[in-house]
Amino acid sequence: MTLDKNLQEMWLKEKKRFNQPALNDPELVPALEGQDSAALDWEARRIRVSQGFVKELTTDLPEEKALKSIVRHELGHWCYFPQDLAQKLYLLAEADGIFKGKATAIYQWYSDLANEGALLTEAMANEEILEMREVFAKKANAKKDEISAALNNLLRGMYLYQIPEFYEKTMGKKKQTDEGILKTAPTGLTEDEKKAYLHKEREKLDAEFVKKLGLTKKEQEIFGKTKNVPFINLSIEEHLASLYRFGKAVEELIPPEIVIKIGCCGNGSLNGIPIAALDGALSGILNLKGVRAYNIVKGMLKKLRPDFDDPFDERPKTAAIGAGHADFKRNDNFISLYDRWASGAIYIVKRPVEKDATALFRSGKKEFEVGDPVHKIDVFGSRGMIGIPGISKVHQEETGTIPSVEFSIPHLNLGIDSSGSMAHPNAPRGASQILAAFIIGKNYHANGSMVGGWNFSEDIAFLPPNRDLDAYFSLMCGYWGGGTYLNIDKLKKFVAQSRFGEKEIQFSDEQDYKHLLARMTEEEKKQVMDKNLHLDMKKIKAKYEKLDNVLITDGAIGNAEDVLRYLQSLGEITRNFVFITDKGIYKDWKKLESTLPNTFVYEATTPEDLRNLAMGRSKALVTESHTNYRRVQ
Amino acid sequence: MIPKLEQMAYKMQPAGHEEPAPRRNFGKPDSKLAQVFERWIENARVHVGAMTNYELLGICDSNLQPTLEELHSIVLHYQDHPKRQEIGLFLSYYFNKSPEEVICYELDTDWMTSLGYRLPGGKTLVNLGKTGPSFGYQAHGILINAGEAGYTAGTEIEAEPQLSRGYCSFINLNKIGTYVGSSSDTLLVNLSNADLGFGTSAKGAILNFGSCGAQLASSTHYPCMLINDGKSYLVGHNSSGLLISTTQTHFGNTEHARRVFKQNECEQIPELVKYVGNLRAMFEPAKNDWKKALEAVKQLGPNAHNKIKQDVEEILWRANYDTR
């Protein structure tokens, strides 16, 4: 049988064992670009094996064993480590920061270690992996490649040392636990003496073990540092800690001028990974590890994959229009970050956008007859003869259907607190209130509603609900950074006078306030000065027919009473959702919740709470879509 | 990494497949240090002052002696923890307990506070990476910054009275934030870039061979002594110490200073200029190799700030200036 045929047969068996039917059949190539061995091609989802590499390996290993170890090793990279591209990118980026030029080499070796460790403990691979490492070391020694020989020996040694079954086979006895060793200690030892005894005995046992491995003096020294580094069944954070410890131990082996030849699909390479997969992994890292990790990975991608353009960075420059305000700092450079972060939680309401409702409409005229209702008489079309049969005209009515907004998602008016007590968009762990605003905004927008809101501290930046999501994002990323005393009068004015669809951010300032007062009658002035803050609902009811009013704040507002009264008046036509990030203040607001119509106050004391509440509010849009919004919390 | 449910899926026997091999028995190496850390960080409170959390460690610790690599790996493991700024105290605790005399910190963690807190006398902590505010707060040992450190580094550092443990100083070889070495009573040396207020309210000796922001050695108290052989302005503002500048510089309000020696006066005392030159030559090689800084401090002996002060005062005495 040919080598190719053997490989395909082996593949069929292993594919079943690993339960990976979606992977493509392996490819046997004369030689691989870069490291001439075997590699998993992430883009083609197949293993590539170099013919020359197999031939070299089969001089010391039976062909079946050689192929088995290669296939299992590569499948392990797909199933066990790194398994997830986000994990690979994150660890590579961290390694890049710590080990600089040696990062790729160190990551590659650690990746093999973690992969094979998982394969061996899961019993998806057996001694053939250990034999493969032994042969690699032997070959490297023959080529006088001390680095490769040492690392292969180290890897093999770590498997044998840490996996009890292999330790037992190597030493002919079980590995002693600390308790077991202490049982052999002479009686009457103090704690310190016991510790010293344990240390001494452990060293003795380890020396015996190392002797069996046949390591060189240098290798023994490094093995002493790596033998206890965990590498199996770890979280991503634990993997990073282990990668560091392993890297520090082997760092001296790797010369600084090392150039790793990486082909299209090397283990430590990012070549050949589809752009869409990188994009997905970047979102994964943001959700898994947060802003810091996202930034370092993005920085690494810029360096290693210049062809990767972050799709979230591509947005029109007109995102934030409006006159601007000296104290209001726009942070549009953070839009892509929060946009990506919020993109994982979009709930689309599956229902017809509009439902027909029945209504009467005028459909022509007829001559007046006795008994026709008088209010239907067309006074202008009756030549002045009202109520004269045959001369006067009356409007006719028919029943028809009109589109109803009853089941549509309300528009969004989100108030975000950006006073000094709230996190800045550039905060190391991100600003949870901005993330929440983005999640909510994206959901309302995706469901066809208009999004707008107000960003407040001592002043207010207001954006009427509109369909431009970027303008909304720009408003939410803005930061005042002052104290919190809400200019409710100005907000009232904005709400009353704003035109739907406009995407221009408007600002409040002292001058506005004075002008407003100047135009008022004495009675109106008195009302404002007395804080009569009730909104005139008649004027704005038509405009704000369906509106969800969300407020995200830590609640430390100087004039909290005014805000509550404002919410009370707005609650007549809208639903108010208030997310309070301060525990103490939440209790005060919660007490008042029952007195406010259509107002719901939630506690969001941790960033996770706020994010989950935002997602919950978004998800609720789906559950609420089949019923009357006003009655559902 | 693989969720348990998914692992189970691999092990399920699909129709027509052979029975999978049983999983190997595997004992994950215990991470007692991580357990101690988690126990401690759970109870640690932020913004309470370093002492409370540091002393809490004494309760959580189970008499471990971790290696430097293990400690660094803990930092990397928990670098996204909500209370991560407190990790500096965790490191300090084990640095202080460690038998190592010279400890090098090399991670880029500009968010970390109070690294090197209460470093014992005679020990040396070298920052080769990036650390945040209060590096070496209340330390008694030698602090060398060859990386980047945040504001208020070296605050309240003081040499211990025992001669064997009296090696204490703060040496900046790279970049450092504001108000470094404030209220300290030891030797402060700047060979590179320091920001505003280097050596504010200090009582020891301050040597500036690099570039400092404004208010170098401001509000210092006698017997503090400043030797400025570099750049700065508004030097010795409101100081009551001895101020010596061998370079052209702009002094602040020095009406309470013990004595001010400006550049032209220093030139009249060749022995003083030579002595300052010798000090500079001693520390200058450390710019490229931090180990030279350690050698220089050791060469000066324990309580180096007192020795420098005595030497200078003797030189001035011989030149008929009584500054004592």
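Domain bounds here come from an automatic or database domain assignment. For chain B that assignment gives domain 1 (32–100) and domain 2 (103–324). The C-alpha centres of the two domains of chain B lie 29 Å apart. The model is predicted: local features need pLDDT of at least 70, side-chain atom pairs count only at pLDDT 80 or more, and totals for chains, interfaces and linings use all residues. Residues are numbered from 1 along each chain as its sequence is written, while chains are lettered from A and ligands numbered from 1 in the order in which they are written.

Start with chain B as a whole. Its C-alpha atoms fill a box of roughly 100 × 35 × 35 Å along the principal axes. Its secondary structure comes to nine helices and 16 strands. Helices (H or I, at least four residues) and strands (E, at least two) are DSSP runs, numbered from the N terminus. Of the 324 residues in chain B, 49% are buried. Buried means that 20 or more other C-beta atoms, placed from the backbone, lie within 10 Å of the residue's own; 12 or fewer makes a residue exposed, and anything in between is partly exposed.

Two residues are in contact if their C-beta atoms, placed from the backbone, lie within 7 Å. By this test, 17 residues of domain 1 of chain B are in contact with 16 residues of domain 2 of chain B. On the domain 1 side, helix 3 (50–60), helix 4 (68–77) and helix 5 (87–97) of chain B each supply at least two residues. Helix 5 of chain B has the largest share, seven residues. By class, this side has eight nonpolar, seven polar and two charged residues. Nonpolar covers Ala, Val, Leu, Ile, Met, Phe, Trp, Tyr, Cys and Pro; charged covers Asp, Glu, Lys and Arg; the others, Gly among them, are polar.

Next comes the contact between chains. It takes 24 residues from chain B and 31 residues from chain A. Helix 4 of chain B gives the most to the chain B side, with seven residues. That side has ten nonpolar, seven polar and seven charged residues.

Finally, turn to a sheet in chain B. It is open, has three strands in the order 11-13-15, and its pairing is parallel. Strands pair if DSSP finds at least two bridges between them. Strand 11 (211–214) and strand 15 (250–251) of chain B are the edges, each pairing on one side only. Two bridges join strand 13 (residues 231–235) of chain B to strand 15 of chain B. B:Tyr233 stands opposite B:His250 in strand 15 of chain B.
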